[in-house]
Amino acid sequence: METSLTRYIWSNTRLQQIWILFVVAVSMIPYFMSFDLPKQIVNGPIQGNGFETPGATRTFMHLEYNLPAFGKVVFFDGLELTRFQTLMALSLVFLLLVIINGLFKLYINTYKGRLGERMLRRIRFELIDRVLRFPPAQFKRVKSAEIATMIKDEVEPMGGFTGDAFVQPALLGGQAITALVFIIMQNFWLGMIAAGIVAVQGVVIPRMRKRLLELGRQRQLTARELSGRVGEIVDGIGTIHGNDTSNFERADIASRLGLIFSIRYDLYQWKFLVKFINNFLAQVTPFLFYSIGGFLALQGRLDIGQLVAVINAYKDLPGPLKELIDWDQARQDVQVKYNQVVEQFNVDMLVDSKIQALAPDPVNRLEHSLHAVNLTLSDDSGAPLLRHVTLEIKPGETAAIVGNSGSGAEALAEAFARLIWPEQGRITIDGKDILELPESITGRRIAYAASDTYFFHGTLRDNLLYGLKHAPLTKVEYDGAKAAKNKWNINEARRAGNPELDVNSDWVDYVSAGVTGPDDLFKVVRPVLDAVLISQDILDMALRSNVDIETHADLTDRIVELRQALRKRLKKEDLDDLVVPFKLDEYNPQATVGENLLFGSMRRPMMTNRKLAAHPYFRSVLRENDLYIDLYNMGLEIAANAVELFEDLPPDHPFFQQLTFMTADDIPAYQVLLQKLQGRGIDAASADERTSIIRLSFSYIEPRHRFGLLNSQLMAKIVDARARFHQNMPDDLKAVIERYDPERFISSATLLDNVLFGRIGFTQADGSDRLRTILRDLFDRLGLFESVLSIGMDFDVGSGGKRLTNVQRQKLNVARALLKRADYVIFNRPLPALDQRVQDHITHNIMEDLHEEGHAPAIIWVLSNTALANLFDRVIVFDKGTLVEDGTHATLLEKNGIFKELVS
Amino acid sequence: MLLKDEVEMLRRVPLFSGVAPAKLKLLAFTSERVSYKSGQTLFRQGDPADAAYVILTGGADILSDSPSGEIKVAEIEHDSIVGEIAILCDVSRTATVRANSALEALRISKDHFLKLLSDYPEMTIEIMRVLADRLSHTTTELSEARSKQKQAAK
């Protein structure tokens, strides 16, 4: 990157800078005209110069210029105006000039602002572009939060400075020089005094500012380090809690803040000292004028008129001069910041941008062997990881790499994935170094998965297909206002040196995944998900999630069919009582009293239990045939039972897990309530107390809690209240409550609730497990399995994929590598979070079943379990950084070497 | 069936006969009520043990895997507890238990069961008694089987 900010700005905004200088110059014309005009108004129409006789007129706006070659040309003869008319005309011209000046100012400021924002966009993009091209080793040294602050905060002032970079010194410098020249013209020696003081200011102030700049640099560094530390605290919070080191962190942060404070305070003191000296120097000049000039005048060597003129002229000098000095300070400050940032981003061995060039066209398969030639790898400290290894992996060959940790096997896999760059030797394909091949080849035709996974914030689908998003493959058609906005976006991107790639395009390269488009994508996704044993997890995610009716209409439209199929299936397997369905005119004993009343699903978070309980309509329904008294009595019974059961237990007793309708902390409060209210009827309770009692009844499920509080009469009453509740429901509730409808998909309920349309019986042993198996099979038979997977794919994986378990992340990481259909697939102990048994299962799945349909990549697998080596064509054994054995499984076993030792 | 009925039934189980009714109610409330159809499996040999079962109604066969298939080792009836050994010594299930009629049971999870034993020593003693009884039973059967074997060998 360019090291001088001024040069960087000039080279990127040259034409705009010239244009704005030109506009500023032009704007000076009306500006100076408006200076002259008041004098004309006062001298002319007001004081009457030129209107000495009544009825006298003057010519207004007579335009006549002497043009070379044409001689005198009259553009406009002018108007003859009376004194009053002239006054009005001149005043209107004054108003016009005010408007013109204002418009110029508006245009110039907007233009400068836009110039600055574009510059900021350009710098930020350029920095991120460099991050994308950093060599891998660089990331071991930098903290992500520090890079983020540099890009976000530290370059920000550069945008503001860009607009002023050339205009300001030109303008202010011009004004200052004009004033100085004027003084010199009045009196040479006094002029020299003024120039001398200016020179002193120009020398002393920048010197003093050196310290300011140094402090500014330190301030920037310490602030950046602070954000790096904050990032570390957030990322390492588990370690901090686990080791009780939060106070150590507090101490560290406090000492950093102390350092930042002392730097900032120092800066502050210096800044005002410099300001004081600057002001003093500016004020000392008039002192010299008065004393020396006065002395000369007394001696008669200086005309008093001249002295007054000089002092008057001097008034115009300090203003621009001060602003110029301020500008210079801003310039240096921004320059320091810029240097600081550039220093961090000027990295050796940056990846050539050609290697990452966009390649929208399909990339041919790699049909040559992958060669490691005399490869030597070492870690950051220089310790060797791998020594002089030469080996060849042929296309389609499967190779198990075996060795203890530290044997170099993992390092070799990382080198194949370009995560470590060779110390010596190289890795080639068809004679070309893989580090020099474009990423459009290596990133698409070589897949890599290790144990450290990374998932971006987004859906599971985004993350799973991430390995296919190489280039925008579709052209998005925008219409109307969106088209105009898109055009504007593209233009602006171009002006700021940003690429014009459309992020809304479909980036997924379906063809290289082996399908034609999004519709048959699951044809390849499902076998992969099955192979890594994650489809059940995704199915569960789908069952637990709410479904977007619009995007998944293929499933939601068939919900009735699905519900019927489930009923039929359960009947066939004699499992009728596994699920108790919702029926409009029947009480569902497996659901809570609250659910039975509501008989619908609330759109959260717009509607909650609390809001519903407070709603006047809901209250009126309960009050109608005294249902709320029944519920109150029921709540009281529940409270009595709970208190009786749990009052003696310590609050952390595991039995409290079973108490679903209150917590251990609630028990004493209910105990007090019971003493007050038992046997005294509902009128004894205040509104709050009623609520906390009735609340208990809403969570009651007879088969689960078994207190014997529901009888057929009460159930009928509840069903009746349900009917009345839905009959005249006001619109505000209708908008947030969806009634259970056997014919429709309920968008605010989970997929599982929708399919069951009922509740699993509590007494059913292993009910939900059995149901899951049945559902999986049912989805398959109805051809809906892929739709359900697709719903599961909408799952939001959270920041860094943290909403997934480590096991799920590692499985998906392997799935992602497989989905690319690369020609060389490298697995570097990818599944350590899993049980050995599951790891083996997945390895078998991938090696034996997955690639039957024709696409057979070369697989290089660094194995954790050596016993699996017999699944591979070839076994390569590493020990202490060298390749020790290489051959088929059978030959190596015969050899009685290290491999045999590892296997046993 | 309601909690209080379950308490009545639990009192008939020898293991719990010495425990106060209020505590039995708590035990019933904190355990899961499960029902099985005839032929449905409560747990399988080799599974990790996570709960004990008190049979309230119905009966079950205790089956053991052998090279020649499952062998029925014993039968249990209502008012008895099954699956508690695997919980106590933290091993996987030593046998398969399958309902031989419609069966209702209380499923007491491992944590709850252990907590009960530590809270109520009388239950622990009862458990010891039952286990000792079973051991002596098994010993008798074993010696009988040995003597039969000896006689057959003669």
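Over residues 87-108 of chain A the chain is 100% helix and 0% strand, with its end C-alpha atoms 31 Å apart. This description, like everything below, refers to a predicted model. The span is one of three that an unreviewed UniProt entry annotates as "transmembrane region" in chain A, along with residues 15-33 and 176-205. Residues 176-205 are 97% helix and 0% strand, and here the end C-alpha atoms lie 17 Å apart. The unreviewed UniProt record also places the feature "domain: ABC transmembrane type-1" at residues 90-326 of chain A. That stretch is 90% helix and 0% strand, and its end C-alpha atoms are separated by 38 Å.

Stepping back to the whole of chain A, four domains are assigned: domain 1 (1-133), domain 2 (172-351), domain 3 (370-452 + 824-903) and domain 4 (593-739). Between the C-alpha centres of domain 2 and domain 3 of chain A there is a distance of 59 Å.

Most residues other than glycine have a negative phi. At A:F599, however, phi is positive, near 40°, although the residue is not glycine. A:F599 sits in the loop that links helix 19 (593-598) to strand 12 (600-602) of chain A. Is A:F599 buried or exposed? A residue counts as buried when 20 or more other C-beta atoms lie within 10 Å of its own; A:F599 has 23 such neighbours inside 10 Å and therefore counts as buried.

With 18 other C-beta atoms within 10 Å, B:D79 is partly exposed.

For chain B, an unreviewed UniProt entry gives the feature "domain: Cyclic nucleotide-binding" at residues 15-134.

Four strands of chain B build an open sheet, in the order 1-8-3-6, with antiparallel pairing. Which strands stand at the edges? They are strand 1 (32-36) and strand 6 of chain B; each has a single partner strand, so one side of each is left without a neighbour in the sheet. On average, neighbouring strands of this sheet are turned by 30° against each other, direction ignored. Strands of a sheet pair through backbone hydrogen bonds. In chain B, strand 1 and strand 8 (residues 103-109) run antiparallel and are joined by 5 bridges, and B:Y36 stands opposite B:L103 in strand 8 of chain B. Helix 4 (residues 110-119) of chain B lies across strand 3 (51-57) and strand 8 of chain B, at about 75° to strand 8.

The two chains also meet. How many residues of chain B are in contact with chain A? There are 14, and they touch 11 residues of chain A. Helix 2 (21-30), strand 1 and helix 4 of chain B each supply at least two residues to the side of chain B that touches chain A. Sorted by class, this side of chain B has 6 nonpolar, 4 polar and 4 charged residues.

Technical notes. Residues are numbered from 1 along each chain as its sequence is written. Chains are lettered from A and ligands numbered from 1 in the order in which they are written. This is a predicted model: local features need pLDDT of at least 70, side-chain atom pairs count only at pLDDT 80 or more; totals for chains, interfaces and linings use all residues. Domain bounds come from an automatic or database domain assignment. UniProt positions are given in the numbering used here, feature names are shortened, and annotations may be inferred rather than shown by experiment. A residue is buried if 20 or more other C-beta atoms lie within 10 Å of its own, exposed if 12 or fewer, and partly exposed in between; C-beta atoms are placed from the backbone. Two strands pair if DSSP finds at least two bridges between them. Axes are lines fitted to C-alpha atoms, for helices over the stretch in contact, and angles run from 0 to 180 degrees between N-to-C directions. Two residues are in contact if their C-beta atoms, placed from the backbone, lie within 7 Å. Ala, Val, Leu, Ile, Met, Phe, Trp, Tyr, Cys and Pro count as nonpolar, Asp, Glu, Lys and Arg as charged, and the others, Gly among them, as polar.
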